Amino acid sequence: MAEPVRTALVTGATGGIGRALVSAFRVAGHRVLATDIGPAPPDLDCDHYLPADLARSVSDAAYAASVFARIEGLLGGDGLHALVHNAAVQRLGGVQDLDLDDWQQTLQVNLLAPFFWTQRLWPALVQAQGCVLHISSIHARLSKAGFVAYATSKAALSGMTRAMAVDAAGQVRINAIEPAAIGTPMLQAGFAADPAGLQQLAGCHPSGRIGTPDEVAALAVAMCSPALGFLNGATVGLDGGIAGRLHDPA
C-alpha cells in the first residue's frame, strides 16, 4: 500500500518564519497549503496558496465558511498531518496606549484563530493522527515594556497549547515553539539604521547571536514528525539561552 501524502497547512506563510516553514515542510516531503492575508508572492514554494484574513475568520461566520470550504476541498482523503499556526500581529503600546482595536486584532489573530481553525479542521487532523503547532514567543514568559497585548496573547497561546493537548486525549498532538529574537527581514529592517543595536540584541543571548527562520522551521518539522509522537502539550523554548539569563541594573 502506498504511503499517504503528508499535508501541512501553514498560516502567516509570506513572512520570514512563514517562508522558512513552507520550504522546510516541502523539503520534508509534505504537500504544503499556505495562507496569509495578502496575495501569493510569486516565489513562495507551496503547493496551494489561499489568501485569508484570520481576524475576519473568527468574527464573520459566512467568510469563515468560505475559507474552510476551500481548505477542505484541497485536503484530499489523507487528512491534515500538520497545522502550523504561525500568523501573528504585534500591536505595540503600554497600558495607557492600547485601544480596543489593538486588543481585538491581537487576540483574534494570535489566539482565537489558532483555536477556531484547529476546531474546524479537527476531523482532518484526527484522521491523519496529526499535530498542531503554535508559534508562540518568549514573550509568553518574559517580556518588556510596550508589549502588553502581544505578550498577553502569547502567554494565553502557550497556556492554550497545554490545555488543548489534555483535552485532545491523544487524538491530536498539540505543541508550541517559543522563539526569542529571530533574524527575519522585518527584524533586520527594524535595525537597518542601528547596526550597533542589532549587535547588542544578539549579545543579550548567551548563544551570542539571534536565531534564524530556518532554525524555527527545522524544529517545527521535527516536532510535527511521528518520530516524536510522545511530544505533546510541550512549549519548547528556542531562545539561545536568554530565558535563563538575569539582567540586573549596572
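**Entry 1: Ground rules.** I note that this is a predicted model, in which local features need pLDDT of at least 70, side-chain atom pairs count only at pLDDT 80 or more, and totals for chains, interfaces and linings use all residues. Residues are numbered from 1 along each chain as its sequence is written, and side-chain values use heavy atoms, with hydrogens and water left out. I take helices (H or I, at least four residues) and strands (E, at least two) as DSSP runs, numbered from the N terminus.

**Entry 2: Helix H6.** I looked up H6, which covers residues 148–168 and has 21 residues. From its first C-alpha to its last it reaches 30 Å, close to the 30 Å expected at 1.5 Å a residue; the expected span is 1.5 Å times one less than the number of residues. I then asked which residues of H6 are buried. Buried means under 20% relative accessible area, exposed over 50%, and partly exposed in between, with a 1.4 Å probe and protein chains only. The buried residues are Ala149, Tyr150, Ala151, Ser153, Lys154, Leu157, Ser158, Met160, Thr161, Met164, Ala165 and Ala168. Their cover includes helix H4 (100–120), helix H5 (122–128), strand S5 (131–135), strand S6 (173–179) and strand S7 (235–238).

**Entry 3: H4 against H6.** Two packed helices are described by the angle between their axes and the distance between the axes. I find that H4 and H6 pack at about 15°, with axes 9 Å apart. H4 is therefore roughly parallel to H6. Angles under 35 degrees count as roughly parallel, over 145 as roughly antiparallel, 65 to 115 as roughly perpendicular and the rest as oblique. Axes are lines fitted to C-alpha atoms, for helices over the stretch in contact, and angles run from 0 to 180 degrees between N-to-C directions. Contact means heavy atoms within 4.5 Å. On the H4 side, the contact residues include Trp103, Leu107, Leu111 and Phe115; on the H6 side, they include Tyr150, Leu157, Met160 and Met164. By class, this contact has twelve nonpolar, five polar and one charged residues. Ala, Val, Leu, Ile, Met, Phe, Trp, Tyr, Cys and Pro count as nonpolar, Asp, Glu, Lys and Arg as charged, and the others, Gly among them, as polar.

**Entry 4: Helix H1.** I turned to H1 and found its end C-alpha atoms 17 Å apart, which agrees with the 16 Å that its twelve residues should span. Ile17, Gly18, Ala20, Leu21, Val22, Ala24 and Phe25 of H1 are buried. These residues pack against strand S1 (7–11), strand S2 (31–36), strand S4 (82–85) and H9.

**Entry 5: H1 against H9.** The axes of H1 (residues 16–27) and H9 (residues 213–224) come within 8 Å and cross at roughly 45°. H1 is therefore oblique to H9. Among the contact residues are Ile17, Leu21 and Phe25 of H1, with Val216, Ala220 and Cys224 of H9. I record eleven nonpolar, one polar and one charged residues in this contact.

Entry 6: Ala169 lies in the loop between H6 and S6 and is exposed, with a relative accessible area of 63%. Gln129, in the loop between H5 and S5, has phi near 50°. Gln129 is also exposed, at 70%. Just after H1, Gly29 takes a positive phi of about 100°.
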